[in-house]
Amino acid sequence: MNERQLIEYIAALTDPATQGLIKGIGDDCAVIHKDKDLAWLLTMDTLIEGVHFDPAFHPPSKLGRKAVSVNVSDIGAMGGKPIFVLLSIGMPKGFDPSWFTAFAHGLTEACREYGCQLIGGDTVASPLGFTCSLTVIGEAKAEQVVYRSGARVGDEIWVSGSLGFAAAGLELLQRKFQPNNERWQPFREQHLNPRARVEMGRELGASGLVHAMMDLSDGLATDLAHLCKQSGVGARITARSLPGIAALGEVASLIGGQPEDWAISGGEDYELLFTAPPGASDRLLAMGRRCGLRLSPVGSIVAGSGVTLIRDLADGTCEEVAIAYRGFDHFRDRGEV
């Protein structure tokens, strides 16, 4: 079973009609009634040594920050604000106390910056290395929560920031590439210390312009496929419109790699992916400027299913390639889509 099949199997065993539950499995957060105006947003994510990070080059303070960012990113992607955090942490016996204190300082510092509070959790021994799971509880006005399921045929597909920088940064770190360190720091930093787009997500949710939204954690190809499946639509994106593709080309020219693959399949960018009607462009761009963030249209929602990438060829023609679910999957076998 791959990751998608595993989640679908678990979802089939649950009761979606549970009292108080607005949305369960299948979105960035579970959504629960809070009162007549507000909804609770709940999400959980895990970081495991050797899977999500390498302690050889990931500073513990930045890992603590990342642990918070990857979780509050889900809250922001549904238009909410994070409020409370629960931490479950596993450490090997004989762990380095200075490593743990740096991690804890990074985690609590990030909580303060995002406006949420660590309120409890669990600590356990972990014989196979470091692991941590965070549960974040947020809230939003119930009428402003943005789901994956609202995309409409004719919508434009938008993303925030640049795509593929985290994947390129990971390659730089793994290869210990050092020349012109400052030039390549934004790529490394996107992997080590991503910034969740909570303010932008709340602005978009409150605007009423956005039909569907989620964060980009597993890569555009996979995350857009999830959004399309939940909405019952298809998508077409153009390679030339992917933001940051030229900068990725500079990295690839130095260390090898495929800029397009990083942009659509790399994952861990924690940017926002959303859809909106074509007439919303000017207002969306203005919102992005207010938040200090570039927003870019990359394609459109179409009838049907799946995700298609359109590439320009050297002879002036185009080719279309099906790319749905070609992003990161913890359990996918090699060659499986």
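Predicted model: local features only at pLDDT ≥ 70, side-chain atom pairs only at ≥ 80, totals over all residues.
The buried residues in question are Trp99, Phe103, Gly106, Leu107, Ala110, Cys111 and Tyr114. They sit on the same side of helix 3 because the arc they cover around the axis is only 135 degrees. Pro97, His105 and Arg112, on the other side of the helix, are exposed. Helix 3 itself runs through residues 97-114, 18 residues in all, and spans 26 Å from its first C-alpha to its last, close to the 26 Å expected at 1.5 Å a residue. Gly115 follows the helix, with a positive phi near 80 degrees.

Turning to strand 9 (residues 234-238), we find Thr238 within it. The side chain of Thr238 makes a polar contact of 2.7 Å with that of Ser241. Beyond its neighbours within four places in sequence, Thr238 is in contact with Val298, Leu309 and Ile310.

Two further residues deserve a look for their backbone angles. Most residues other than glycine have a negative phi. Glu268, however, has a positive phi, near 65 degrees, and is found in the loop between helix 9 (259-265) and strand 10 (272-276). With a relative accessible area of 16%, Glu268 is buried. Tyr325, likewise not a glycine, has a positive phi of about 65 degrees. Tyr325 lies in the segment after strand 13 (318-322) and counts as buried, at 13% relative accessibility.

Key
Residues numbered from 1 in each chain as written. Heavy atoms only, no water. Helix = DSSP H or I, 4+ residues; strand = E, 2+ residues; numbered from the N terminus. Expected span 1.5 Å × (residues − 1). Buried < 20%, exposed > 50% of the residue type's maximum accessible area, 1.4 Å probe, protein only. Arc of directions from axis to C-beta. Polar contact = N/O pair within 3.5 Å; in protein donor to acceptor, adjacent residues only side chain to side chain. Contact = heavy atoms within 4.5 Å.
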